[in-house]
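I opened my notebook to look up a few things in this structure. The entries follow in the order I took them.

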Amino acid sequence: MRVSIITGGGSGIGAAVARLLAGPDQCLMLHGQAAEAAGLARLTAVAGECRSAGAKVEIRTGDLARAGAGAELVDATRATFGPIDSIVHAAGFADRRDFASLPREALERAFAVMAAAFHEMAAAALPDLTRNAHGRVVAVSSFGPHRFVPGGTFPGSAAAKAALEVLVKSLAIELAASGATANAVTPGYTRKDPGLVGALDPATWERVAKANPMQRLATPEEVAAVISFLLSPEAGHVTGATLPVDGGLTLM
């Protein structure tokens, strides 16, 4: 049995990863903030789908911005399923406020959820991840740290994602001797689950869908497929990489 932690597991890319991995040989700990009833319902529904596919699944909720939450998630997973084989950190959010209007507390929250929580989880799971060459860590970054255009910067969330990518590369070096790997994927504008429009209104979504050379949004499943590869034995010699899944957005 392979034991995986997936944050952001109730929707979008995290949920797509969970569905893709789900099978009789998988133990999945799905984490979501679930700050409201609808969020908990989405997380519970994804867990049910994965159980139907044969996986052993547990859910855990809470705010990853809180110091200690990441380590507690690792401890809970280990206590429930045993040693951890992989971590997929898909938790995050887009903050579209510009540089001047971004309050310090918003910047600190972005770093806490996207970078600090990742560091805390990976550090806590390090003994498990390095016990053999099958340890895998994948972080979901974004195009934000790689594309700067007027009216299209995300200084808060992009700065946090840039820090996340640095942590991934540093972790890759520390994992390398064991054969375990750490990588990041950088989605472009990606289709949201129904009812989760995110920070953009429908008209803006239509506009940004045409911002990349392929002139469409990515689907969560397309990003999840790349993550699944990075978690696989076939990706054993890929580490420290930052792989764009953005339809060519960051080429422009």
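This is a predicted model: local features need pLDDT of at least 70, side-chain atom pairs count only at pLDDT 80 or more; totals for chains, interfaces and linings use all residues.

Entry 1: I then looked for a sulfur partner. The closest cysteine sulfur to that of C27 sits in C50, 12 Å away. A disulfide needs the two sulfur atoms within 2.5 Å. At 12 Å, the sulfurs of C27 and C50 are therefore too far apart for a bond. I checked from the other side too. C50 is in no disulfide, and its nearest cysteine sulfur is that of C27. C50 is buried as well, at 1% relative accessibility. My count of disulfides for the structure is 0.

**Entry 2: the sheet.** Next I traced the strands. In what order do the 7 strands lie? I read β3-β2-β1-β4-β5-β6-β7, an open sheet with parallel pairing. At the edges I noted β3 (56-61) and β7 (242-245). Each has a single partner strand, so one side of each has no neighbour in the sheet. On average, neighbouring strands are turned by 15 degrees against each other, direction ignored.

I took one pair in detail. β1 (residues 2-7) and β2 (residues 26-32) run parallel and share 6 bridges. I looked up I6 and found its bridge partner in β2 to be L30.

**Entry 3: helices on the sheet.** Which strands does helix α1 touch? I listed β1, β2, β4 (86-89), β5 (136-140) and β6 (181-187). Helix α1 covers residues 12-21, and its direction makes about 165 degrees with that of β1. I then turned to α5, residues 155-175. This helix lies across β4, β5, β6 and β7, at about 155 degrees to β6.

**Entry 4: the largest pocket.** I noted a volume of about 1,400 Å³ for the largest pocket. How many residues line the largest pocket? I found 50, with A90, G92, F93, A94 and K192 nearest its centre. I also asked which elements contribute to the lining. α1, β2, α2 (37-52), α4 (104-129) and α5 each give at least two residues.

**Entry 5: L40.** I ended on L40, which I located in helix α2. With a relative accessible area of 38%, L40 is partly exposed. Beyond its neighbours within four places in sequence, L40 contacts A34, I59 and T61. I also checked L40 against G10. The two are 30 residues apart in sequence, yet their C-alpha atoms are 7.7 Å apart in space.

Note on methods: Residues are numbered from 1 along each chain as its sequence is written. Side-chain values use heavy atoms; hydrogens and water are left out. Two strands pair if DSSP finds at least two bridges between them. Helices (H or I, at least four residues) and strands (E, at least two) are DSSP runs, numbered from the N terminus. Axes are lines fitted to C-alpha atoms, for helices over the stretch in contact, and angles run from 0 to 180 degrees between N-to-C directions. Contact means heavy atoms within 4.5 Å. Buried means under 20% relative accessible area, exposed over 50%, partly exposed in between (1.4 Å probe, protein chains only). On a 1 Å grid over the protein atoms alone, a cavity is a set of points where a 1.4 Å probe fits but cannot get out, and a pocket is an open set with protein on both sides within 12 Å along at least five of seven lines; lining residues have an atom within 4 Å of a point. Grid points are joined across faces, edges and corners, and a volume is the space filled by probe spheres set on the points.
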